[in-house]
Amino acid sequence: MRAVYLDYNGSAPLDPRVAEIMVPILTDGIGNASSIHHFGRQQSVAVDEARELVAAMVGGRSSNVVFTAGATEANNLALRGAVEGALADRPRILISAVEHASVRQTARWLDEHGLTKLDVIPVTNAGFVDLDALESMLDTDVLLVSVMAANSETGILNPVEEIAKRTHAVGALLHCDATQSAGRLPFDLERTGADLVSLSSHKICGPTGVGALVGTRRGLRRLQPIIHGGGHEHGLRSGSLNVAGIVGFGAAARIATDERTSESARVAKARDRLTAALKSRLSRVHDIGDVTRRLPNTANVRFEGADAEAVVINMGPVAVSTGSACSSGSIEPSEVLLAMGIPRDAAFESVRFSLGRFTTREDVELAVESAVTAVEHVRYMARRSA
Ligand code: PMP
């Protein structure tokens, strides 16, 4: 059986058009983009073009793009940079209960080290931020609110515009981790009202190891650097620029901006075909979260009575993922699903299918066959050992 890749939210395959643009930089690009000689200037022109393309993807200004090594670093810079640049009268930060580990662990670290006080905003059973809870937690002592645009495990979208309005009403900054949504859905920095936005290249078919924090001037001015050195990227992120990676990210952003509307429509149809087939072929298949407000490429489903790890292993060459993680040697259920009020047992039975640009009709058919066989087998084994 041929391999099928349905784990785009983990990392999307590199678009060959992006690779083609990167190759000349890798083979012929010489020099440090900060050098003033001819070679260096050529590198910096290429970086500036990519800066424009990345900014355009989220409706930002190219002068407000800080390139990083990925969204993990962008999230660290947003949270830690804001806390370190903060005035004493704003000692609290708020993050949602379903943030990516790079937000969650950074926020916990800042709290544990006494640098801020962390409060976690609950989400509804449908998976998005509870606006009433947010309202009751917001006050003029809040420095920053961090809420993702779309959740990587469930695809559920947050009401970012509403959150921005409430956050700004108390004078706090809004950081939005748009890693999973920018490039798949339109995202406009001005309209959404986010002050800082994290992005990652490898989720949009660009190279891994590059991302950006894009901000408004107001947002970026409030940050302290977390990496010190030669003062690159307006002093916010020192280190020689990864020119080939950045150029690849720019190319991926351009393709995503041009194609996201048609691509999303096509991918959503494929995703819906997949889940409809699973539900018609198998009993006790449940959607996780509110499926009317989620990313076009993501489906998180619970196969009741079938352990998700076992299902994934039995799916062989069809790559999907579970939200559970290995922590201190034991498997822990997804914190995201638990935060949505999903019981532990059910959380262990959820599988994420994430499709994308290169997913074909045949891929979907093979994935359905493979999932049906795997779930039936795992359920049968569970009944036998019961
Ligand atoms: N935020 C979200 C929502 C993500 O899904 C991911 C990647 N899984 C990250 C941040 C981290 O991105 P990177 O791999 O670029 O560090």
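Visitor: How many cavities of 30 Å³ or more does the structure hold?

Guide: This is a predicted model, in which local features need pLDDT of at least 70 and side-chain atom pairs 80 or more, while totals for chains, interfaces and linings use all residues. Residues are numbered from 1 along each chain as its sequence is written, and side-chain values use heavy atoms, without hydrogens and water. A cavity is a set of points, on a 1 Å grid over the protein atoms alone, where a 1.4 Å probe fits but cannot get out; its volume is the space filled by probe spheres set on the points, which are joined across faces, edges and corners. At 30 Å³ or more, the number of cavities is two.

Visitor: What volume has the largest cavity?

Guide: Its lining (residues with an atom within 4 Å of a point) has 17 residues, with Gly-183, Arg-184, Glu-263, Gly-356 and Arg-357 nearest the centre. Domain 1 (4-11 + 260-385) and domain 2 (16-255) each supply at least three of the lining residues, the bounds coming from an automatic or database domain assignment. The space in this largest cavity is about 140 Å³.

Visitor: Which element gives the most to the lining of the second largest cavity?

Guide: The second largest cavity, of about 30 Å³, is lined by Glu-153, Asn-300, Ser-321, Thr-322, Gly-323, Ser-350, Val-351 and Arg-352. Two or more of these come from each of β12 (321-322) and β15, strands being DSSP runs of E, at least two residues, numbered from the N terminus. With three residues, the element that gives the most is β15.

How values were computed. 1 Å grid on protein atoms, 1.4 Å probe; cavity = no way out; pocket = protein on both sides within 12 Å on 5 of 7 lines; lining within 4 Å. Helix = DSSP H or I, 4+ residues; strand = E, 2+ residues; numbered from the N terminus.
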